[in-house]
Amino acid sequence: MKAVFKREFRAYFQSPIAYVAIGAFFFVASLLYVIGNLLIGDGDFVNILSNLTFALIVITPILTMRIMSDDRKNGTEVLLVTSPTTTMEVVLGKYLAALCVFLIMVGTSTIFPMITSIYGSPSFAAIFSCYVGFILLGASYLAIGVFASSLTENQIVSALVTLVFIIFMFVIDALVAVIGGWFGTALSWLSLLSRFDPFSLSVLSLTSIFYYITFVAVFLFITMVSMDRRRWKSN
Amino acid sequence: MIEISNLIKQYGDIHAVNGISFTVEDGEVLGFLGPNGAGKSTTMNILTGFIPYTSGEIRVNGHEIMEEPEAVKKMIGYLPEIPPLYMDMTVKEYLKFAAELKKIAKKDIPGQVAMAMDMLKITDHSHRLIRNLSKGYKQRVGFAQALLGNPEVLVLDEPTVGLDPNQILEIRKIIKKLGQKHTIILSTHIMQEVSAVCDRVVIINKGRIVAIDTPDNLSRHLSGTGSLSITVSGPEKSIIACIRAVEGVRSVRVGADRGENGKVYEVVSDGELDVRKSVSLALGKAGYPVTEMKATDKTLEQIFHELTTGGNK
């Protein structure tokens, strides 16, 4: 697993992907911070961070689009599969590499509450809680992206599938409200964003934390199944 | 030792591999021959654990590939048809990564990487990006990858395809050298390669085995016929009639014209009968002098062609 992780993590920084993602995220974050905090003299960074979840719609697919599909396209999948390293190690290594880049990306935004703290005293507890939620939400999106990438050898298709999936996450709560009934309830199990709300209200909800971790585990598991199954079916 | 028994791989209704069985002894170099699409790569992909089989059994030193995939994968080094290279890594980085994937003990990795690079003569290129290497060197890096960890079995899928003649010779030399210590299965459709490096040959066509033997035996016995090339001077028609009359001769064909020495006649006979004496006696009696006669064994190319197109004419 360590070998795969190291390779993938390095690959992120050898291609423009990591820089583009981190740069884009930091740019949007600073824009929101300047407009939403600095210019109006507001110290509420939690609000900014909640709004930044929209940036993840675009940034997550960029981070994960090539992560599995590239190996299929370039034939390097053979090396991974025919070595004694298991599919689980491969998927986990790749996921953790994406997660690490994501954490670095999110880490760059911590500068803003620090700037605010020079002039005032923001609630670090609230900000911390919101960061936990933000990272868990992002981790879930990444798991969706890794799964989507395992479905195809085309990066664009992989990115689009992830994009559609995440946008679906944004409308799911509205859908649940409209549909109602047992189907609505079933759909609400998929709602990632409703689990984010407690964190933005400074509540470290254990249920939500558990939910996100389960969500990631399930998606990584179906990624492994999808990788193995595809080799069963075609050449 | 590798034992493959009754291996079947099905894609929907298509049998890519249809009941293949053979055994490879330790230290043997086995050539795997067949036209494109015969099922060579599929068999190799199954043997190395890349794709699963539909039914059958593959044992490497007693371990079944689907039951103990990790144990088997540790014993096999695989060079697929397209070398599995990461273009954004240098040669050394890539080999180190591959060694880690193969779970080679950390302290052995530098030694193994150096050994593999030395064997394939790529040490001078160790710090170059793989993207920038020529095709021949990319192939070598892929080959070096297969050697890491000193696996008992090497599976090489068309290792010399697309290389220039010098590189082909060099790769063959390496395969021969490796054959002294490793069990090797290599696929190819180049016949000289088989005679040059293989101890035994398996020819497959449409997913089935059509022949297993040593390269020499194949060219001698397989077709069940012998062939002669005779140069005789005299009138063509009566010479043909004269040869035809000899017992055991199947067909006569006129070949090149050798001027004063006469014409070349290609004679095909039933395998068991040696017709050389009776043919020369018959021609001598009829007054047509034989100026040259030689037995021509079939080339591997001819045998391959006959076996894989179903013809035996």
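Biologist: In the open sheet of six strands in chain B, what is the strand order?
Modeller: This is a predicted model. The pairing within the open sheet is mixed. Its six strands, in chain B, follow the order E6-E7-E8-E3-E9-E10.

Biologist: Which strands of chain B stand at the edges?
Modeller: An edge strand has a single partner strand, so one of its sides is left without a neighbour in the sheet. In chain B this applies to strand E6 (76-79) and strand E10 (208-213).

Biologist: By how much are neighbouring strands of this sheet turned against each other on average?
Modeller: The angle is taken with direction ignored. On average, neighbouring strands are turned by 15°.

Biologist: How many bridges join strand E3 to strand E8 of chain B?
Modeller: Strand E3 (residues 29-33) and strand E8 (residues 183-188) of chain B run parallel. Within this pair, B:Leu33 stands opposite B:Thr188 in E8(B). The number of bridges joining E3 to E8 in chain B is five.

Biologist: At what angle to E6(B) does helix H5 of chain B run?
Modeller: Helix H5 (residues 135-147) of chain B lies across E6 and strand E7 (153-157) of that chain. Relative to E6(B), helix H5 runs at about 170°.

Biologist: Which helix gives the most to the side of chain A that touches chain B?
Modeller: The contact involves 18 residues of chain A and 22 residues of chain B. Helix H1 (2-14), helix H6 (77-82) and helix H13 (206-233) of chain A each supply at least two residues of the chain A side. With five residues, the helix that gives the most is H6(A).

Notes. Residues are numbered from 1 along each chain as its sequence is written. Chains are lettered from A and ligands numbered from 1 in the order in which they are written. This is a predicted model: local features need pLDDT of at least 70, side-chain atom pairs count only at pLDDT 80 or more; totals for chains, interfaces and linings use all residues. Two residues are in contact if their C-beta atoms, placed from the backbone, lie within 7 Å. Helices (H or I, at least four residues) and strands (E, at least two) are DSSP runs, numbered from the N terminus. Two strands pair if DSSP finds at least two bridges between them. Axes are lines fitted to C-alpha atoms, for helices over the stretch in contact, and angles run from 0 to 180 degrees between N-to-C directions.
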